[in-house]
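Dear colleague,

I am handing over the structure below for your records.

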Amino acid sequence: MTRTEERAEDSCPLVYQCRLPLCTSTVNHLADVLRRHLKAIRSRWRVLPPGRTAVIVLAVLRHDQRLADMAGGNNVSQTTVRHWRDELIGLLAAQVPRLDRARKKIAKRGREVVLIDGTLIPTQRRTGSADRRNYSGKLRRHRLHFLALTDEIGRLIRISAARPGRTHDITAARHDHVLAHLRAADLGALADLGFRGLDNDVRDPVIVTGFTATRAHKLAPGQKDANRVLATGRAPAEHGFAHLKNTGGPSPNSAPTPLVPPTSCALCWS
């Protein structure tokens, strides 16, 4: 069987533009990270500049564009796009603060309470039995689990590595030794009922989870009020997750940043 790169007579490459709703600070940050990396490894030449490479990688990560399509529209090979994607993912992962450094940083700011919560990010279903761990029985979809710490106004402090979607919040917290790190920094944490049982210290609890009702035991009015106050205090944690999942939005402590103009963020692929 002979393979050929020639297209059929009735087919032709079609190129169109796609506008990505990305914040300029997101693109600039990723491009700056790549520039520093290229300078550190003394890379003399790349096919495309770091800014355009960052946009291509963000298109792959955010909109799940096919590597072959992105490669064909930018006159590079599919292997090159895959290399850029893996390279930038590794550079971003290296910037994630360690848990001990994050809790020391927030302790220096004079904070006393943090918010802890877990979230599930949708992911594609892949073939093979190894992907069964990513299936979340709670949401009945394939997802990845992340555990995050935020301050009392919802600013993201630290996020864990991706875990299978079936991972429970308590399991992730125990794996990261969250309780020990919080106790070492004299910090308290507000959490939902999913973390109930993580901290069994009755006299000096570090993680506050509220009260839960059962069929045989109903909550008293005071316990209901306590749960209501706790839910109000935990609400900003969802703001951190919203900012994490929506890369086109502004940061919680800064002014709104305009989206990238279509002329600078338009991509073409065949």
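Aspartate 169 is buried, with a relative accessible area of 14%; buried means under 20% relative accessible area, exposed over 50% and partly exposed in between, with a 1.4 Å probe and protein chains only. Please note that this is a predicted model, in which local features need pLDDT of at least 70, side-chain atom pairs count only at pLDDT 80 or more, and totals for chains, interfaces and linings use all residues. Residues are numbered from 1 along each chain as its sequence is written, and side-chain values use heavy atoms, with hydrogens and water left out.

Aspartate 169 belongs to helix α6, residues 169–175. Helices (H or I, at least four residues) and strands (E, at least two) are DSSP runs, numbered from the N terminus. Neighbours within four places in sequence aside, the contacts of aspartate 169 are Asp117, Gly118, His145, Leu147, Gly194 and Phe195, where contact means heavy atoms within 4.5 Å.

The second largest pocket holds about 370 Å³ of space. It is lined by 18 residues, and those closest to its centre are Leu120, Lys138, His145, Thr167 and Asp169. On a 1 Å grid over the protein atoms alone, a pocket is an open set of points where a 1.4 Å probe fits, with protein on both sides within 12 Å along at least five of seven lines, and lining residues have an atom within 4 Å of a point. Grid points are joined across faces, edges and corners, and the volume is the space filled by probe spheres set on the points. Strand β2 (113–122) and helix α9 (236–245) each supply at least two residues of this lining, and the largest share, 4 residues, comes from β2. By type, the lining has 3 nonpolar, 9 polar and 6 charged residues; Ala, Val, Leu, Ile, Met, Phe, Trp, Tyr, Cys and Pro count as nonpolar, Asp, Glu, Lys and Arg as charged, and the others, Gly among them, as polar.

For the chain as a whole, there are 10 helices and 9 strands. Of its 270 residues, 36% count as buried. Among contacts between residues at least 6 apart in sequence, 62% join residues at least 24 apart.

The largest nonpolar core has 25 residues, of which Leu20, Ile56, Met70, Val81, Trp84 and Leu88 touch the most other members. Such a core is a set of buried Ala, Val, Leu, Ile, Met, Phe, Trp, Tyr and Cys residues joined through side-chain atoms within 4.5 Å. Helices α1, α2 (50–63), α3 (67–73) and α4 (78–94) each supply at least two residues of this core, and α2 gives the most, with 7 residues. A second, separate core of 19 residues includes Val114, Leu149, Ala185 and Ile207.

Helix α2 has 14 residues and reaches 19 Å from its first C-alpha to its last, close to the 20 Å expected at 1.5 Å a residue; the expected span is 1.5 Å times one less than the number of residues. Among its buried residues are Pro50, Thr53 and Ile56. Just after α2, aspartate 64 takes a positive phi of about 55°.

Leucine 34, in helix α1 (residues 24–40), is buried, with a relative accessible area of 2%. Leucine 34 and proline 50 are 16 residues apart in sequence, and their C-alpha atoms are 6.2 Å apart in space.

Yours sincerely
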